[in-house]
Amino acid sequence: MSTLKMKEAALIYLDKSGGLQKFIDDCKYYNDLKQSYAVYRFNILINPSDVVELDTELGNHILHQPLEASQVFQSVCFIAVKTLSLMGQLQTENQINIVLKLTHLPPLPSYSLDFCEFPHDYTSQRFYMMQGIVIAMTTVTKYTQGARFLCSDEACPLSKGFQYIRVHVPGATESATIRNDFLCNLCSSSLQEDRKFRVLGDKQIVEIIPAKALHAFQGYSNKQRFRFQSLTIFLRDELVNKMNIGNEYKIIGIPTCVKTSQTSVCIETNSITFCNPKVPSGISDSFRCLLSLTSSSCWKFTAILANIFASQIVPPGTYNLLKLCLLMSLVQTSVRNKELEDSLDILIITSDTLLVDRLLNFSINLVPRGIRHPVSAEIFPTVSRNKYGTGAVSVQAGSALLAKGSICFIGDLASHKKDKLEQLQSVMESRSITVYISGKKFGDDIDQQMTFPVQCSFWSFVDLDSSSRRNTQKTNTLIGQMDCSLIPANLVEAFGLLINCNESSPCHPFLSNVQHTLKKAIDPKGLLYVASKQFTTEDFEKLLAFAKNLNVEFSLEAERMIHGYYLASRRIRTDSICGSKLSSSALKYLVSLSEAHARLNLRTKVIKEDALIAALLFETSLTLKYGATVFCVAPNAVFPFELYNEEYLEKRDIYLTQCQQQLLQFIATYGPGTTIFASDE
């Protein structure tokens, strides 16, 4: 009686939810094919909340005994087929393969599976919800959805018809579905498969890790220690190719144990949902107050941000240029732009690699997906054999794809081999990576390739005092040019910004750093400065998360200024022998810098003051690469004074206003075909 009641409830639910009509349409599709199969697969969308409200017993069955619940719906659907004459070629109930697709699970702890926490209740074959980031995936292969077996004794009544049907169930391997040791229940003769009725489906294997596991790839973290492991996800049929490496998903599925060289837990996926990053509602009160106090200027807010940023690592007022660029890079990178044009890569030339390394490590921990690339790992995807023996090839993510929508800090460029640097240059230019899969090497008939978008910014540094650099350093003939001879010229050009941080540069005050280091040695956890107490690390995290999600647009003035500067700069850096020294991506970097400064100011419109900062930063970088030109920008143009108080901020504003007039004059003189409007015009 209980089963009959559940069947009635299942029929009522199908009728009310529209599932019955969809089932009828699917039957019509199969019927029109005029072809017999061993099994016919039907997906039924289930809303657990609606089912529980209709019938608690059926709802409980679906949530905790999904295989038995599928049989209930299978019986109801078979009766519907026979009653309504929907499919003439369907003979037995076993030929109907029902897959229940859940819309969600109850938001209760017992329905979540977190492999960072104990205990792990994955022995009961019921639905769980888990969330994770894709770190590896295989190519698509085939599996057997269902097969028809016949008794080998022709005199046996079961040597015909569809009495023996094998259907794939969660956790079953291919060898479990298709075997040669089945016996007939009637005469005990061996069963043989009728291969022409075998039904094949698509299968893909994906590995995920919890988002919190990415803390293990961040060089500096105050998080507590924890345990994590990857989780294997099986995608079948309509779910194949619905997941991408580097993305985060919510997954509903049934845990099973699969035995390979070692027993591991896998998930037979039922449904997947892409996880959009959470957008914060605002910034902290301290930054809101600071923004209000500096509202009269378009430059003061970001200047103060750079001045006080990372006071746990370096004293306020030091490395301001570098810190401003890091903040701009942090707010500029996200997954919002489908064209992948808003990344901001930074290459630092320094004589103090330890301090710069600490500063960059601290910075990447302020964003959720910041990755410090381990030297022993790979930056970009690699190919290997799948450990589950399915014949598929597994593609491992690499650090760059894991840092999607964030920063990939690759450390010292000198630690990477020549071929890896060439690959890095190619990726930064195209913002994509293609993985080639040799059919001959991995036992396939044809070669394959998979292309992945690279949606992160790259940070790196070069040691100015390395022995190889000291021995080969050459005398520069151009004013302001740095010796970058040990770095491939094309790779230097691929980085949007080149920043000089050495003892002779204005961003490296030596004495204050020594004092800071000594104080931190005495009191490692102490807050040494007032700024550290007023503007905490959590405040910066909120600010960056809010700023990077702002949608900005260019004002007409800013657009003309950027375009005019690009044309003028391209013109004066062009010669008849080598052509233009500005790459085709130069305009993209200028746009990206302008947008970043506007976002860091928490504005939704890029104005000419943002364009000025972009031009000064870019011209400083060009000077380090190629030497100074007629638009001569001082190395400390963005921070000409040490920011002690309001007076120095006012002096900086006056200086930047003068720079803006010089830029307009430069554009008017060397920018052919550009029109620069004064503010009154």
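**Close-up 1. The exposed face of helix H1.** The face of H1 that is turned away from its buried side carries Asp15 and Lys16, both exposed. The model shown here is predicted. Helix H1 runs over residues 2-17, 16 residues in total. At 1.5 Å a residue these should span 22 Å, and the end C-alpha atoms do lie 22 Å apart, so expectation and model agree. Just past H1 comes Gly18, with a positive phi of about 90°.

**Close-up 2. The buried side of helix H1.** Which residues of H1 are buried? They are Met6, Ala9, Ala10, Tyr13 and Leu14. Around the axis they cover an arc of only 135°, so they sit on the same side of H1. An α-helix has 3.6 residues a turn, so positions three or four places apart point the same way. What covers these buried residues? The cover includes helix H2 (19-33) and strand E1 (40-46). It also includes helix H3 (48-54), helix H4 (56-64) and helix H5 (66-84).

Close-up 3. The closest N and O atoms of Arg148 and Asp194 are 2.8 Å apart, forming a salt bridge. The pair links distant parts of the chain, 46 residues apart. Arg148 belongs to strand E4 (residues 141-151). Asp194 lies in the loop between strand E6 (191-193) and strand E7 (199-209). Are these two residues buried or exposed? Both Arg148 and Asp194 are buried.

Close-up 4. Glu646 forms a salt bridge with Lys300. Their closest N and O atoms are 2.6 Å apart. Glu646 has a relative accessible area of 44%, so Glu646 is partly exposed. Lys300 has a relative accessibility of 4%, under the 20% cut-off, and therefore counts as buried.

Close-up 5. Asp610 and Arg603 form a salt bridge, with 2.3 Å between the closest N and O atoms. Both Asp610 and Arg603 are buried. Salt bridges that share partners also join Arg41, Lys101, Asp237 and Glu238 into one network. How many salt bridges does the model hold? The count comes to 24 salt bridges.

Note on methods. Residues are numbered from 1 along each chain as its sequence is written. This is a predicted model: local features need pLDDT of at least 70, side-chain atom pairs count only at pLDDT 80 or more; totals for chains, interfaces and linings use all residues. Side-chain values use heavy atoms; hydrogens and water are left out. A salt bridge is a side-chain nitrogen of Lys or Arg within 4 Å of a carboxyl oxygen of Asp or Glu. Helices (H or I, at least four residues) and strands (E, at least two) are DSSP runs, numbered from the N terminus. Buried means under 20% relative accessible area, exposed over 50%, partly exposed in between (1.4 Å probe, protein chains only). The expected span of a helix is 1.5 Å times one less than its number of residues. The arc is that of the directions from the helix axis to the C-beta atoms. Contact means heavy atoms within 4.5 Å.
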